[in-house]
Amino acid sequence: MSRDSLTTGEAASNALTAHADRLRDAGLASLAAAPSRGDRLVREGAGLRLDASRQLVDGDALDDLIALATAADLPGAARDLLAGAEVNNTERRPALHSLLRAGRSDDARFPAVAETRERMRDLAESIRAGAHTGHTGRAITDVVNIGIGGSDLGPRLVSEALAAPDTAPRAHYAANVDPDDLAGTLAALDPATTLFVICSKSFRTEETLANALAARRWLQGGGVADSGLARHCLAVTTNLEAAADFGIPENQCLPMWDWVGGRYSVWSAVGLSCAITLGWDRFAALLAGAEAMDAHFASAAPADNLPMLLALLETWNCQYLGAGNHVVLPYSHRLRRLPDFLQQLTMESNGKAVTRDGEPLGTDSAPVLWGSAGTIGQHSFHQLLHQGTRRCPADILLPLAPTDPADRENHARLIANGLAQSRALVIGRSQAEARDALLARGEDPAEADRLAPHLAMPGNRPHNLITFSRLTPETLGALLALYEHRTYCSAVLWGINAFDQWGVELGKEIGKQVFAVMQGDDEGAALDAGTLSLVALWKSANG
Ligand code: F6P
């Protein structure tokens with residue numbers, strides 16, 4: 001950042017601190033009702049519409065947020081990301097997941113991308129057509145993706161969002177090393193017609209390797225001879241050597257590359273289970289939707305740029321208004337996995353306390369992200385959203401038309417619920433209004449006085465409304481790319497690296513030590529007394 005832009009950034013930041021003091025408790029209902037509010041706070045791109053008019057911002061605050069974006073050079077950062085600059089500075093590599101989207105995978109610098117996409121398409125089509133069969137010659141009916149984190153959450157979300165209930169082959173996902181996960185997945189499947197896709201960028205992830213071994217035992221126990229295993233096991237990895245050591249030779253592996261982060265990898269061969277269950281055309285449409293969002297991200301000015309606006313509002317809510325969390329409420333059963341996916345994307349990318357240069361950040365970074373499908377959450381945690389002491393900025397997502405046009409009536413109820421929650425979050429209800437409502441329903445005045453404080457709701461709860469015409473491969477691709485770029489822009493605004501995840505390593509190392517102690521292989525390990533006493537309890541529970 002140049003000296004001038006640093007000064008501009010500091011000035012914008014100071015102004016935003018003052019705006020936050022002014023706007024924190026400004027009535028959102030009156031702010032949101034201001035004429036022409038949508039002129040600056042409603043924007044569209046790649047088939048998505050962002051309505052940010054229910055955020056605690058006014059024109060002056062928005063001006064300074066845009067000044068912050070300019071000072072941080074978000075447009076330059078977008079160019080760097082998309083051009084393959086070394087944005088992941090700790091691991092000295094680019095983050096080129098955008099290269100994998102439609103149209104860009106033919107980049108001459110990365111010929112393996114186009115080649116891998118062809119292999120993915122051929123495999124998906126031949127499995128769907130019943131040409132690639134199991135060892136007995138029967139068609140594959142079920143594909144089980146074994147992976148965890150980014151090797152699970154993205155493909156699981158995409159296939160659950162887009163697959164029809166009668167889709168064939170069906171896709172299943174097993175991630176947890178808890179044996180109940182894989183056992184539950186396999187209970188209804190037939191080894192002769194099941195294909196495993198073992199997804200692991202590193203091919204070193206303990207949970208995935210343990211589940212892959214268990215899957216192989218299940219195949220063998222189900223009558224698949226060693227010579228037939230190749231028809232039932234594929235792998236997706238950067239580590240062809242480790243896959244070969246495991247027993248999956250190179251010709252059964254689809255490559256990934258170190259410049260694709262795990263949580264950004266659904267666009268790569270990690271999406272193979274989706275391509276098999278959805279068919280290639282729909283998978284390609286997902287990529288095309290993401291590419292449309294890349295184009296919007298690359299070209300729209302910050303004030304019109306959906307990922308940049310979302311990042312600015314995230315920074316505004318977290319850093320200036322002090323919200324430590326963010327709740328995601330998709331009014332779409334098919335998008336019920338979106339909060340899980342966004343948890344990894346947001347918190348693994350931006351849950352950091354040092355800058356790119358290793359200096360203490362000095363401010364809060366990623367919010368704790370949570371959520372669930374509307375209307376499920378309304379009957380569970382929305383009480384806290386409306387009356388709790390914590391403010392929970394939200395994204396409410398609404399596909400405006402149902403997946404199946406025959407379902408119009410109940411879908412209309414779903415959307416009415418989403419819109420009603422949004423309005424209630426904004427307007428709340430004063431004690432006087434609560435008292436009037438109680439009187440109107442026949443309570444006597446003393447009872448109305450007693451209950452009114454319990455029924456009052458502060459309102460003033462900021463959120464975004466993200467809408468799209470219907471959930472299609474294109475809109476889903478655009479939505480996931482929107483959140484990916486939002487996450488990157490937030491990282492740029494905070495000055496952190498969104499593409500490493502060193503914080504997960506220590507737990508893995510200690511996990512190996514504890515396991516060795518449990519197996520009696522490392523009695524000398526320096527574990528604390530509390531952990532050792534729990535290991536002793538584990539031993540006695542297991543005879
Ligand atoms: O431990 C975290 C993590 O490395 C994630 O970043 C990644 O998505 C997940 O584990 C799985 O890793 P892999 O694909 O290498 O098995």
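The model is predicted, and local features need pLDDT of at least 70, side-chain atom pairs count only at pLDDT 80 or more, and totals for chains, interfaces and linings use all residues. Residues are numbered from 1 along each chain as its sequence is written, and side-chain values use heavy atoms, with hydrogens and water left out.

**Ligand site**

- Gly150 places a backbone N or O atom 2.8 Å from a ligand oxygen atom.
- Polar side-chain atoms lie 2.7 Å from an oxygen atom of the ligand for Ser151 and 2.5 Å from an oxygen atom of the ligand for Thr205.
- On its own the ligand has 390 Å² of accessible area, of which the protein covers 88% (Shrake-Rupley method, 1.4 Å probe; for residues, only the protein chains shown count as cover).
- The largest pocket holds the ligand, in that more than half of its atoms lie within 2 Å of the pocket's grid points.
- A pocket is an open set of points on a 1 Å grid over the protein atoms alone, where a 1.4 Å probe fits, with protein on both sides within 12 Å along at least five of seven lines.

**Domains**

- The chain divides into domain 1 (3-71 + 300-427 + 461-494), domain 2 (97-285) and domain 3 (505-541), with bounds from an automatic or database domain assignment.
- The C-alpha centres of domain 2 and domain 3 are 33 Å apart.

**Backbone geometry in loops**

- Helices (H or I, at least four residues) and strands (E, at least two) are DSSP runs, numbered from the N terminus.
- Ala168 and Pro169 are joined by a cis peptide bond with omega about -10 degrees, and Pro169 belongs to the loop between helix H7 (153-162) and strand E4 (170-174).
- Gly374 to Thr375 is also a cis peptide bond, with omega near 5 degrees; Thr375 is in the loop between strand E9 (368-371) and helix H15 (382-387).
- Arg92, a residue other than glycine, has a positive phi near 50 degrees and lies in the loop between helix H5 (74-83) and helix H6 (111-128).

Conventions. Polar contact = N/O pair within 3.5 Å; in protein donor to acceptor, adjacent residues only side chain to side chain. 1 Å grid on protein atoms, 1.4 Å probe; cavity = no way out; pocket = protein on both sides within 12 Å on 5 of 7 lines; lining within 4 Å.
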